[in-house]
Amino acid sequence: MFSVLRSNRDGRKRARLFSGTGGSFIRLVFSLIITLFGLLLVTFLIGRVLPIDPVLAAVGDRAPQAVYDRVREEMGLNLPLWQQFYIYVSNILQGDFGRSVLTSRPVLDDIKRVFPATLELATVATIIGVALGIPMGVFAAVHKGKWPDHLVRIFGLVGYSMPIFWLGLMGLMIFYMKLGWVAGPGRLDAFYVDFIEPTTGLMLIDTLIEGDMDLFWNAVSHIILPASILAYFSLAYIARMTRSFMLEQLGQEYILTARVKGISETRIIWRHALGNVMVPLVTVIALSYANLLEGSVLTEIIFSWPGLGQYITNSLLKADMNAVLGGTIVVGAVFIGVNLLSDVLYRLLDPRARR
Amino acid sequence: MTQDLILSVRNLHVGFNTAKGAIEAVRGVSFDLGRERLGIVGESGSGKSQTGRAILGLTAANGHIRADRLQFHDTDLRNLSPRDWRKVRGARISMIMQDPKYSLNPVMTVGDQIIEAYREHFKVNNREAKRRAIEMLESVKIRDPELVFKSYPHEVSGGMGQRVMIAMMLIPEPELIIADEPTSALDVTVQLQVMAILDDLVRERGMALIFISHDLHLVSSFCDRVLVMYQGRVVEEIAASNLDQAQHPYTRGLLNCLPKMDGNHADLPVLARDAAWETQDLT
C-alpha cells in the first residue's frame, strides 16, 4: 500500500505513494490536514499581528499595571510564539475557540447558533440559482444572438449591478408589504419562535422533524425572499458561465456525430452537451456556494437574519478577537469542505478525471 | 453500375456568410450514386467535406445550400423538416467522422453511444440493444467487446475508437455511408486495417459508400469511381482502376506529387494551377 510501481498507459513505470482507491482516500486526508494546518497558522498569525491588545480588551484601559501583567501571564502571552501556537491549535482541536467578549459565551456555541442560519439561506439560494441559472444559460446559448439571449443577458446584468440592500428593501416593500405573498424579516414569525427546538438549527428541517406543517410553511415564506435575492446574484453568474460553456461544447465534433445519428435536438443539448458542460460548471457553482456560505452581511441585516456574516461583522466592530478568528476558521473550513465536494463531483462527472 | 440509383446530386452549391464576406465552398457539383463506392478526392478547401455534409443537411448555421436536385431515393433532401431529417440521418444516411478523439462524447461510455444510435431508430429494449451493440463491436473486430462496451472514449486507442465509430454509424444499417477522411487521424499501420474493416462491412451489407479523402492510393484501392474536386468543382470523374490514365491536368498533377519507389526523390513537382479550371464544367 505504500509506494507502488504503476505503469502508465504509455508503458512507463512510475512510483506512486499510496495507490489505489484506499490510497487516494489517504492522499485526500493528507492534503486536508495540510490545508487545515495552513488555515490555523494564518488565523493565528493574524491574531498576533492585529493592533488589538487582547489583554487590554479583557481588563479595560483603567486596570493597574499589576492586573494587566497577571492577565497577560494567564493568557499565555509571555510564552514563545511557537508554544502559543501549539496551545492555540490544541485548544481549537478540542473545540475551544475561546470566549466571546461580546456575548460572553463560548465562541463555538455562538457559531453553532449562527452558522446553520447562513447554511440554510445559502443552500436554498444556491438551489434556486442552479435550478434557474442553468436552464437560462442553456436557453441563451441555444438561441445565441436572438432575443432570448439578449433577455437573459439583460436580466443577468440587472441582477449583477443592483445593490443588494436596495433589491432587498424593494423586495420587502413589494412582496411583503404590498402583496403580502411572503413573510417579513426573521426566520420565523415572532409568535412561533419559542415553539421550535433547534435540533439541527436549520428551520426548514427542524420544523419537519417536529412534523408541524404550519411552522414549516412559515419558515419557507420567511426564507424565500432573502434566498431569492441572494440567488439572483449567483443565478446571473451561473447563467453566464453556462452559456459560454454551452457554446463551446455545441461547437465540438461529438455534437455533429450525435446529429449524424439522428438524435433529437433536445437530447443533444441536455444529454450530450450539458453532460460536458457540468464538468467545469460544478466548480463555478461550488465557488458561488462557498461565497454565500461566508454569510452576506447586507442581506442578513436587512432581513434580520441571525447569520454568520452579521456575527463576524459585529464582532469585528467590537474588536472581539476570539469571535472573529473563530468565524474565520469556520469560513476557511467551509471553503475547504466545498472544494472537496466539488472535487468529488468533478470526478463523478468526468470519467477522464478518475484514475 | 448505376442501374439502382440511390443518390442524385445536380448543381450543388454550398456557400457561407463569414465576417470576411461570402465564400462559395461548393460550386455546382453534380453526380449520381448507385450501390457503389465513390471516392471524392481533392486538396484542403476543395469542398469535398462540405459536399458530404450538405447531403446530410449538416451545413453550419452560417451556410446555405442550393441545388437543382438533391434526391435520395424518393426523398428530396432540399427542404426537409427537422423531424424528417432525423428519419434520414443515422437510419438511411450516416457519416463516419475524421478523428475519434473529438467525435465521440467524452463523458458517455462507448456502449451508451452505440445503443443510443440504435435505439433512436429501432424500438427495442435496452437488453436487445446491448446484444446488438456487442455483436456490432465484434464485427468491427474488437477482441474484447464487453470491455470496450463499458469503456469511455479516452480509454481506447485511436484505431479502436475509429472502429467504435464505424460500429456506431453502421448499427442502424443505413443505405449510404459517407466516410469523411476516416483514417487521416490514424497511424499509417492501422489505416489500412480500419479501411479493410469498413470495406468488408459495406460490401457485406450492400451499402453505398462515399469516401472522402486526400489520399489517392487509398481511394483508388477501395473505390469503384473517383471524383476529383478542385475549388468547389468536380474537374474529373474517372473509374478508380483507370486513375493512372487521368486526363485532367490537376489530377495528373496530384498523381505526379505522389512519391514513387523508383522516382527521383530530389524534386517533387509543385502543383500547377490554372484559373480556367475554376470555371470550366465537366459536362
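**Labels and their grounds**

Reply: The largest nonpolar core has 145 residues, and Ile114(B), Ala167(B) and Ile178(B) have the most contacts inside it. Helix 9 (residues 213–250) of chain A gives the most to this core, with 18 residues. This is a predicted model: local features need pLDDT of at least 70, side-chain atom pairs count only at pLDDT 80 or more, and totals for chains, interfaces and linings use all residues. Residues are numbered from 1 along each chain as its sequence is written, while chains are lettered from A and ligands numbered from 1 in the order in which they are written.

Me: What makes a set of residues a nonpolar core?

Reply: Its members are buried Ala, Val, Leu, Ile, Met, Phe, Trp, Tyr and Cys residues, joined through C-beta atoms within 7 Å. Buried means that 20 or more other C-beta atoms lie within 10 Å of a residue's own, with C-beta atoms placed from the backbone.

Me: Which residues does Ile114(B) touch, not counting those up to four places away in sequence?

Reply: Ala133(B), Met136(B), Ala167(B), Met168(B) and Ile171(B).

Me: Why is helix 5 of chain A called oblique to helix 6 of chain A?

Reply: The axes of helix 5 (residues 107–142) and helix 6 (residues 147–161) of chain A come within 7 Å and cross at roughly 140°. Under 35 degrees counts as roughly parallel, over 145 as roughly antiparallel, 65 to 115 as roughly perpendicular, and the rest as oblique. Therefore helix 5 of chain A is oblique to helix 6 of chain A.

Me: Which residues of helix 5 of chain A make the contact?

Reply: Met136(A), Phe139(A) and Ala140(A).

Key
Buried ≥ 20, exposed ≤ 12 C-beta atoms within 10 Å, placed from the backbone. Helix = DSSP H or I, 4+ residues; strand = E, 2+ residues; numbered from the N terminus. Contact = placed C-beta atoms within 7 Å. Axes fitted to C-alpha atoms, helices over the stretch in contact; angles between N-to-C directions.
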